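This report describes selected features of one structural model, element by element. The sequence and the coordinates are shown first, and the description follows.

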Amino acid sequence: MKKNSYNFKSEVKEVLNLMINSLYSNKEIFIRELISNASDAIDKFKFLSLSNPNTYNIDNDLLQIKIIIDKKNKLLKIIDNGIGMNKKDLIENLGTIAKSGTKKFLQSLNEKEKTNNNLIGNFGVGFYSSFIVSEKVSVYTKLANEKKNKGFLWESNGTGEYYITQIKKKTRGTKVVLHLKDKESIFLEKWNIENIINKYSDHISIPIKIKKKDKLNNKYIWKQINKAKSIWTLDKKNITKEKYIEFYKYLSKDNNDPLLWTHNKVEGNYEYINLLYIPSKLPWDLWNKEHKHGLKLYVKRVYIMDDAEQFLPNYLRFIKGIIDSNDLPLNVSREILQNNEITKTLKKSITKKILNMLLKLSINDNKKYNIFWKQFGLIMKESPAEDFDNKDLILKLLRFSSIKTKSKKQTLSLEEYFKNIQPNQEKIYFITSDNYITASNSPHLEIFKKNNIDVLLLYDRIDEWMMSYLHDFKGIPFQSINKIDDSINKMVSQKKSNIENKQEIDMFIKKVKEILKDKVKNVTISNYLTKTPVIVRTDSKDMSTQMIKLFSAAGQKVPDIKYIFEINPNHSLIKKLQNIKDEKKVENYIKILLDEALLIEKGTLENVHEFSERLNNILEEKI
Ligand code: ADP
Ligand code: MG
């Protein structure tokens, strides 16, 4: 038969190199990877044979994974009677790394990171791990719906190329043959293989059998190694922590332990089992559009599909797990799931389950919850916009930085904010900004600091958008302090304003209004400020600065908003300004002050040149 040679895609070469170097201390995981592939292939076949019995007739063959050790030829064989592959599949699945972004991700790693064992585990390198121990790998395979004895052999030594040859193959499925390197003879020991399977693959629900000589009659028999029971169907009491963790690693292809999980058998209107995990690390490709999410779906123990995203809201796209329904039909498709009552009900209860699990964690183990928030907080901030039903739960899960936490870390809950609320405080105050430094140094905070009122400091890009979906916590409304608000005025008037020369300052305000008439909405006296001479604030009904930034970043048209310019009458600079007789100078100074205030509020200026020219003029005068 003709043998065709192909080059690996470049990222495959890199993955192979990386793996051989970085997984060196944990070589044995290649067995887990090959068994998980075999199990997936059998699951897929089982599903197709149930949904298309005419094309995929399920024969009397037991669905199983077989392992054969050939010590003499130093071969380890893993055989499945699953879905199999044709030539195209071989090229697509074993010649490329399907996941987009992998290449970019690899390039972003530095040398040190590349040798970090955990990092490589972040993208399921799967099949290629067999090259850690093999000098050559041969894959004999035949697609399940192939009527003739037509199969393919894929071979490679894992360096630059691979070969595909058409072969005669009677049986459906795939046989992976590892030609082990001389020094890897430990993987030709039956006891070792059995141990490794017990350690990593006991949860596999397909029987895994190893060929063994029967001592009594000297014949070969197949000995089953695993229990072949789906872990989620077992009683919680009988599942060890290690087994839960191992199952997570199989499901998620993440080498890190999960942070937390929940396992439930639900027997209400609908019967189902769920086993849901929260990872401890943000998946590296979570922000990619192509990131697959959702749960692995089973119906009455039969595998149906991966990435069934219909059971989770989008903001929980980092959750891994399985759901096994007794009520959905076996031939359920993604389209059916989309508009299904059962799906909707299950989604609702699974979402609640996860949010409650997180709430419990936040109460019982704040340290662990902070780890969660550090990794997933940004995604959780999508939740208020997406999930109105669970608004109250979500509010309790949010974490913030504030004046009083004195740190960029988002650790303050609204409950804790509440504990510090002042007797006359009518609102929960927050400020939005581009970054923590700007937020925490904003002159808007002065009055709050003076009155010992805490303000939430929001500096993530998504925050302004999130806050637009939050109305109140326990009946107390949220209020942006970038905006004009009565409650802030009240706070000040209670303290009695003490302007020394009211008439003079009124005159001055009038003058400033005249100077800035096209540039601002209004000019007012501010009682909020202590250290800062002037500030700009958004009118209560206008779009906030951060929102405008969000809209323009998304390419949307934004209204032209004018600010309210507030002057601190007690500031020495303002007092000096009032005494200057040269009108031109006053105009120049006022315009500089406005630009400064705008810079603080927006981080940018429309006409920077004008600003710098004015500033330079002053410098000339002074130097
Ligand atoms: P993953 O399992 O994460 O997809 P792998 O590198 O382990 O990545 O496998 C790549 C692909 O090769 C699989 O998705 C599957 O399509 C195919 N594959 C691997 N092993 C088998 C097998 N035994 N039978 C059928 N297809 C397989
Ligand atoms: Mg795999």
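## Strand β4 and Tyr140

Y140 is located in strand β4, which spans residues 134-142. The model discussed here is predicted. With a relative accessibility of 26%, Y140 counts as partly exposed, since the partly exposed class lies between the buried limit of under 20% and the exposed limit of over 50%.

Apart from neighbours within four places in sequence, Y140 is in contact with F152, L153, I167, K169, G173, T174, K175 and V177.

## The site of ligand 1

Which residues are the closest to ligand 1? The ligand is surrounded by 11 residues, and N37, D80, N93, F127 and K253 are the closest. By class, this shell consists of 5 nonpolar, 4 polar and 2 charged residues. Helix α2 (29-51) and helix α3 (87-94) each contribute at least two residues to the shell.

A polar side-chain atom of N37 lies 2.8 Å from a ligand oxygen, and a polar backbone atom of F127 is 2.9 Å from an oxygen atom of the ligand. In the side chain of K253, an N or O atom is 3.1 Å from a ligand oxygen. Taken alone, ligand 1 exposes 530 Å², of which the protein buries 82%.

## The hairpin of β8 and β9

Strands β8 (residues 208-213) and β9 (residues 220-224) pair in the antiparallel sense, with 5 bridges between them. Within this pairing, K211 has W222 of β9 as its bridge partner. The hairpin has 6 residues between the strands, and N218 adopts a positive phi near 60 degrees there.

## The five-stranded open sheet

An open sheet of 5 strands has the order β15-β17-β16-β19-β18, with mixed pairing. Strands β15 (401-402) and β18 (472-473) are at the edges and have a single partner strand each, so one side of each is left without a neighbour in the sheet.

Strand β16 (residues 428-432) runs parallel to strand β19 (residues 476-480), and 3 bridges join them. I428 has F478 as its bridge partner in β19.

F448 belongs to helix α16, residues 446-450. What is the relative accessible area of F448? The value is 0%, and F448 is therefore buried, as the limit for that class is under 20%. Not counting residues up to four places away in sequence, F448 touches I403, Y429, I453, V455, I481, I488 and M491. The C-alpha atoms of F448 and V137 are separated by 68 Å, and these residues are 311 residues apart along the chain.

D463 lies in helix α17, which covers residues 463-467. This residue is buried, with a relative accessible area of 1%. Beyond its neighbours within four places in sequence, D463 is in contact with K381 and L458.

## Strands β21 and β22

In a regular strand, side chains alternate between the two faces of the sheet. In strand β21 (residues 534-537), V534 and V536 point one way, while I535 and R537 point the other way; all are buried. Strand β21 runs antiparallel to strand β22 (residues 564-567), to which 4 bridges join it. The bridge partner of V534 in β22 is I567.

D307 is not a glycine, yet it has a positive phi of about 50 degrees. The residue is placed in strand β13, residues 302-308. Its relative accessible area is 24%, so D307 is partly exposed.

N452, likewise a residue other than glycine, has a positive phi near 60 degrees. Where is N452 placed? N452 is in the loop between α16 and β17 (455-458). At 41% relative accessibility, N452 counts as partly exposed.

Terms used. Residues numbered from 1 in each chain as written. Chains lettered and ligands numbered in written order. Predicted model: local features only at pLDDT ≥ 70, side-chain atom pairs only at ≥ 80, totals over all residues. Heavy atoms only, no water. Near = heavy atom within 4 Å. Polar contact = N/O pair within 3.5 Å; in protein donor to acceptor, adjacent residues only side chain to side chain. Areas by Shrake-Rupley, 256 points an atom, 1.4 Å probe, with all protein chains shown as cover. Nonpolar A, V, L, I, M, F, W, Y, C, P; charged D, E, K, R; others polar. Pairing = 2+ DSSP bridges. Buried < 20%, exposed > 50% of the residue type's maximum accessible area, 1.4 Å probe, protein only. Contact = heavy atoms within 4.5 Å.
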